[in-house]
Amino acid sequence: MSADAASVPVSGRLYARRRVVNVLALLLSCATALFGLFFLGWILWTLVAKGIAGIDWNLFTRMTPPPMEEGGLANAFFGSAVMCALAIAIGTPLGVAAGTWLAEYGNARKAGTVVRFVNDILLSAPSIVLGLFIYTLVVMQTGGNFSAFAGALALAFIVLPVVVRTTDEMLRLVPVQMREAALSLGIPQWKVTVQVLYRSASAGIVTGILLALARISGETAPLLFTAFGNQYWSTNVMQPMASVPVVMNQFAASPYESWQVLAWAGALVLTVFVLLVSLAARALLLRNKTPND
């Protein structure tokens with residue numbers, strides 16, 4: 001009885017200490033979350049307050065102006081759309097094919113482990129390094145000719161590892177029983193992949209593509225070494241082309257108020273675009289999510 005009585009205060013002190021540690025950890029977690037949300041809200045408020053003044057019809061219909069004149073970002077919006085579309089068109093098929101090989105054929109091979117390791121390195125590589133790589137590989141080999149195609153290649157190297165990782169993960173989440181059931185019916189492996197696996201994993205793969213699009217839409221560093229920029233309207237992808245991030249980088253650092261207003265407006269439009277793409281990806285993923293019950 002005395003031993004039991006002595007053990008009660010010890011367990012009570014241990015429980016009280018755990019409660020204190022739990023409360024402290026909860027308070028620190030909430031404080032950290034509020035700290036981050038405060039600065040996020042501050043950034044968004046500043047962006048909206050300074051960017052809304054430049055949102056008008058001219059922003060989407062007029063070219064980038066010379067200093068101290070009125071204009072818009074029509075050529076920059078068009079250039080960003082063209083280069084992002086080309087990057088998605090180049091990186092998505094390669095990424096889906098590589099992710100399919102990893103999930104279906106290279107999962108139990110050493111080559112698959114090496115490919116995943118290299119893909120992780122590419123996924124975390126600084127975008128400026130990829131821009132310098134394309135600058136050396138394409139721009140310098142064509143006599144220093146900057147082009148939208150070179151910019152799209154640099155962006156495609158950012159898209160590629162994202163799509164590879166997403167495709168690999170989504171296909172590995174498909175139950176093995178679905179593969180076995182399809183193969184037991186005598187369906188060739190390629191038809192199983194295209195008609196069964198891709199249909200099951202399509203929501204996750206498309207989500208990865210949309211997230212890759214949201215990531216490349218705001219990249220500046222790769223385009224500085226590849227697409228460079230163009231003050232005028234250009235539809236030739238083998239020539240320099242304007243883009244919103246590069247124009248923002250140039251106009252925000254200028255002493256001209258008209259340029260700074262356009263830079264804030266472009267930043268606001270770009271932020272809204274990334275937000276809408278992210279929401280679309282989230283909605284697509286949740287719509288195709290299978291309930292556990």
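How many aromatic pairs does the count come to in this structure? The count comes to 12 aromatic pairs. The structure is a predicted model.

**Aromatic rings**

- One of the pairs joins phenylalanine 78 and tryptophan 233, whose ring centres are 4.6 Å apart and whose planes meet at 25°. Planes under 30 degrees apart count as stacked, so this pair is stacked.
- Phenylalanine 78 belongs to helix H3, whereas tryptophan 233 sits in the loop between helix H9 (221-224) and helix H10 (244-252). The pair therefore ties together parts that are 155 residues apart in sequence.
- Partly exposed residues have a relative accessible area between the limits of 20% for buried and 50% for exposed. Phenylalanine 78, at 27%, is therefore partly exposed, and tryptophan 233, at 46%, is also partly exposed.
- A cluster linked by ring pairs contains Phe35, Phe38, Phe39 and Trp42.

**Packing of helices H3 and H6**

- Two packed helices are described by the angle between their axes and by the distance between those axes.
- For H3 and helix H6 (residues 148-173), the angle is about 30° and the axes are 6 Å apart.
- H3 and H6 cross in a right-handed manner. Their contact has 22 nonpolar, 7 polar and 3 charged residues.

**The cavity**

- The structure has 1 cavity of 30 Å³ or more, and the largest cavity holds about 40 Å³ of space.
- The residues that line the largest cavity are Ser80, Met83, Cys84, Leu155, Ile216, Ser217, Glu219, Leu223, Ser243 and Pro245.
- Helix H3 (residues 74-104) supplies the largest share of this lining, with 3 residues.
- By class, the lining has 6 nonpolar, 3 polar and 1 charged residues.

- Methionine 68 is a residue other than glycine, yet its phi is positive, near 65°. Methionine 68 is placed in the loop between helix H2 (57-61) and H3.
- Exposed means over 50% relative accessible area. Methionine 68 has 69%, so this residue is exposed.
- Phenylalanine 228 is not a glycine either, and its phi is positive at about 65°. Phenylalanine 228 is found in the loop between H9 and H10.
- With a relative accessibility of 49%, phenylalanine 228 counts as partly exposed.

Terms used. Residues are numbered from 1 along each chain as its sequence is written. This is a predicted model: local features need pLDDT of at least 70, side-chain atom pairs count only at pLDDT 80 or more; totals for chains, interfaces and linings use all residues. Side-chain values use heavy atoms; hydrogens and water are left out. On a 1 Å grid over the protein atoms alone, a cavity is a set of points where a 1.4 Å probe fits but cannot get out, and a pocket is an open set with protein on both sides within 12 Å along at least five of seven lines; lining residues have an atom within 4 Å of a point. Grid points are joined across faces, edges and corners, and a volume is the space filled by probe spheres set on the points. Helices (H or I, at least four residues) and strands (E, at least two) are DSSP runs, numbered from the N terminus. Ala, Val, Leu, Ile, Met, Phe, Trp, Tyr, Cys and Pro count as nonpolar, Asp, Glu, Lys and Arg as charged, and the others, Gly among them, as polar. Rings of Phe, Tyr and Trp (its six-membered ring) pair if their centres lie within 6.5 Å; planes under 30 degrees apart count as stacked, over 60 as edge-to-face and the rest as tilted. Buried means under 20% relative accessible area, exposed over 50%, partly exposed in between (1.4 Å probe, protein chains only). Axes are lines fitted to C-alpha atoms, for helices over the stretch in contact, and angles run from 0 to 180 degrees between N-to-C directions. A crossing is left-handed if the near helix is turned anticlockwise from the far one by less than a right angle, and right-handed if clockwise.
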